[in-house]
Amino acid sequence: MFNLKKIGAFAAVLAVAVMSIGFTAQAADKKPAGGPESVAYAKKLWSAMGDAKLIGAKAFMTSPYEGMEPHGFVLETIDTMLTVGGHTGLVIVKKNYGPKGVTPEQVVDNPKKHLAAVTVMFKREKGYDPEDKDWFWAKYKADGSLDKNPAGMQLAGKVVKGGKAGCIACHKGAPGGDMVFTRDR
Ligand code: HEC
């Protein structure tokens, strides 16, 4: 004989489990930063930057200059238009070179050896993040994998929405209200 009570209880447990899996997936995708959607987008962005020769072995080189914290000791900043998954927007790529004491000349001689990180702002489609000018933020290591903050969150997306520290919090202080320091956009 089937035990209807048991089957009923099992079904209820199953339903709750399915609901909670659905809920976690949804919650993860709604994360402003570091969630699966942001991470997937950051991968597409990295490969589009490679195709455009903004990064990678065939990347063109600009004149690196001495930088400041938090972005590194020698920097290169490039901005141009880039298309990612059908959307074209302004991209600002900042390459951070190290270690401490490295000179711009040494970086020009061997950029690959000195590249420490690549920080990127990409202007997403209107409505992506209206309060913060629709920028997508990402910080990559030299090999293209995403860097993480101390809490283990991958640095991609709205980094960090509402946070006291991080890309958005600091860049809010940039002159001109466009979140860009080096020039007004
Ligand atoms: C504590 C402050 C601070 C934080 C945090 C910060 N930045 Fe910046 N960022 C700056 C400053 C200052 C400049 C301009 C000076 C320079 O070239 O370093 C800058 C420049 C940039 C630029 C070049 C465009 C511009 O605004 O001039 C990019 C791209 C960038 N940051 C990306 C990021 C990303 C991505 C993050 C987070 C992973 C981040 N930044 C976190 C202060 C910060």
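**View 1. Secondary-structure elements around the ligand.** In this predicted model, the shell around the ligand draws at least two residues from each of four elements, namely strand S3 (87-97), strand S4 (115-123), strand S5 (135-141) and helix H5 (167-171). The ligand is surrounded by 20 residues, and the closest of these are His71, Cys167, Cys170, His171 and Thr182. Sorted by class, the residues of the shell comprise 13 nonpolar, five polar and two charged ones. The ligand sits in the largest pocket.

View 2. Two histidines, His71 and His171, coordinate the iron atom of the ligand, each through its NE2 atom, at 1.9 to 2.1 Å. This pair links distant parts of the chain, since His71 belongs to the loop between strand S1 (65-66) and strand S2 (74-84), whereas His171 belongs to helix H5, 100 residues apart. The iron atom has six donor atoms, and with angles of 87 to 179 degrees among them its site is octahedral.

View 3. An oxygen atom of the ligand lies 2.7 Å from a polar side-chain atom of Lys94, and a polar side-chain atom of Tyr65 is found 3.4 Å from an oxygen atom of the ligand. For His171, an N or O atom of the side chain is 2.8 Å from a nitrogen atom of the ligand; His171 also coordinates the iron atom through NE2.

**View 4. The cis peptide bond between Gly98 and Pro99.** Gly98 and Pro99 are joined by a peptide bond in the cis form, for which omega is about -5 degrees. Pro99 is located in the loop between S3 and helix H3 (104-109), and strand S3 is among the elements that supply at least two residues of the shell around the ligand.

**View 5. The cis peptide bond from Val159 to Val160.** Here the peptide bond that runs from Val159 to Val160 is cis, with omega near -20 degrees. Val160 has its place in the loop between strand S6 (156-157) and H5, the helix that also holds His171.

**View 6. Backbone of Lys53.** Although Lys53 is not a glycine, its phi is positive, at about 60 degrees. Lys53 is placed in the loop between helix H2 (36-51) and S1.

Notes. Residues numbered from 1 in each chain as written. Predicted model: local features only at pLDDT ≥ 70, side-chain atom pairs only at ≥ 80, totals over all residues. Heavy atoms only, no water. Near = heavy atom within 4 Å. Polar contact = N/O pair within 3.5 Å; in protein donor to acceptor, adjacent residues only side chain to side chain. 1 Å grid on protein atoms, 1.4 Å probe; cavity = no way out; pocket = protein on both sides within 12 Å on 5 of 7 lines; lining within 4 Å. Sits in = over half its atoms within 2 Å of the grid points. Nonpolar A, V, L, I, M, F, W, Y, C, P; charged D, E, K, R; others polar. Donors = N, O, S within 2.8 Å, 3.2 Å for Na, K, Ca; no water. Tetrahedral: all angles 85-135°; square planar, octahedral: opposite > 155°, others 65-115°.
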